[in-house]
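I am keeping these entries as I look through one protein, writing down what I looked up and how each term was set. The sequence and structure come next.

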Amino acid sequence: MIDTHELTRRAGSQREVTFTAPAPADLGIDVIGVPEGDPIQFDLRLESVVEGVLVTGTARGRLVGECARCLVDIEDEFLADVQELYVYPESEAEPDEASRMEGDLIDLEPALRDQVVLALPFQPLCTDDCPGLCPECGVRLADEPGHKHEDGGDPRWAALGNLLQTDERPQDN
């Protein structure tokens, strides 16, 4: 929550704020996200406008997850742009048009959640060219680039292979 009490309700007045806040729970998706309680650095400008307070700036923090191909732990950073209009409590704006202030307080969590979750990769990778895991034994292919198996064929296709061998035999007329 940000207190805007020091910011007058006169349009055009502004204030810059920099602070660190703990990350809320469940800020992310199944495979990558911000650990709960991790520090998030905010650099924001609060600007008084006729309807309320316009908040613009950035939020920066740490992401933790696992590679979607090889399942190795990964760590990265995010930088999310924040731009949200918070209308005064007495405003006649519809609830879906803008966020509403609670007295002089602004709750940044919904805007932060929207920006961070939308910016996350759907399938995060440890490297852009991650080869993943061996489909037969599960070894991480980046650790063993020359990894191979004897070509025994997929047992699920064995019956079709037998049909192919049957068709190649000479037929008696």
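I began with the word contact, which I take to mean heavy atoms within 4.5 Å. Among contacts in the protein between residues at least 6 apart in sequence, I read that 56% join residues at least 24 apart.

Before going further I noted that this is a predicted model, in which local features need pLDDT of at least 70 and side-chain atom pairs count only at pLDDT 80 or more, while totals for chains, interfaces and linings use all residues. Residues are numbered from 1 along each chain as its sequence is written, and side-chain values use heavy atoms, with hydrogens and water left out.

Entry on the elements. I looked up helices (DSSP runs of H or I, at least four residues) and strands (runs of E, at least two), both numbered from the N terminus. The protein has 2 helices and 9 strands, and along the sequence they follow the pattern β-β-β-β-β-β-β-β-β-α-α.

Entry on strand pairing, for which DSSP must find at least two bridges between two strands. Strand β6 (residues 52-66) and strand β7 (residues 73-87) run antiparallel and are joined by 15 bridges, one of which I could follow from E66 to its partner D73 in β7. These strands form a hairpin with 6 residues between them, and L71 in the turn has a positive phi of about 65 degrees. β7 also pairs with strand β8 (residues 99-100), here in the parallel sense over 2 bridges, and V87 has R100 in β8 as its bridge partner.

Entry on burial (buried is under 20% relative accessible area, exposed over 50%, partly exposed in between, with a 1.4 Å probe and protein chains only). Of the 173 residues, 29% count as buried.

Entry on the core, meaning a set of buried Ala, Val, Leu, Ile, Met, Phe, Trp, Tyr and Cys residues joined through side-chain atoms within 4.5 Å. The largest nonpolar core has 29 residues, and V34, I40, F42, V55, F78, L108 and V116 touch the most other members. The elements that give two or more residues to this core include β2, β5 and α1 (109-119), and β7 gives the most, with 5 residues. Leaving aside neighbours within four places in sequence, V116 is in contact with L27, V34, F78 and A80.

Last entry: how exposed is F42? At 5% relative accessibility F42 counts as buried, whereas F19, at 25%, counts as partly exposed.
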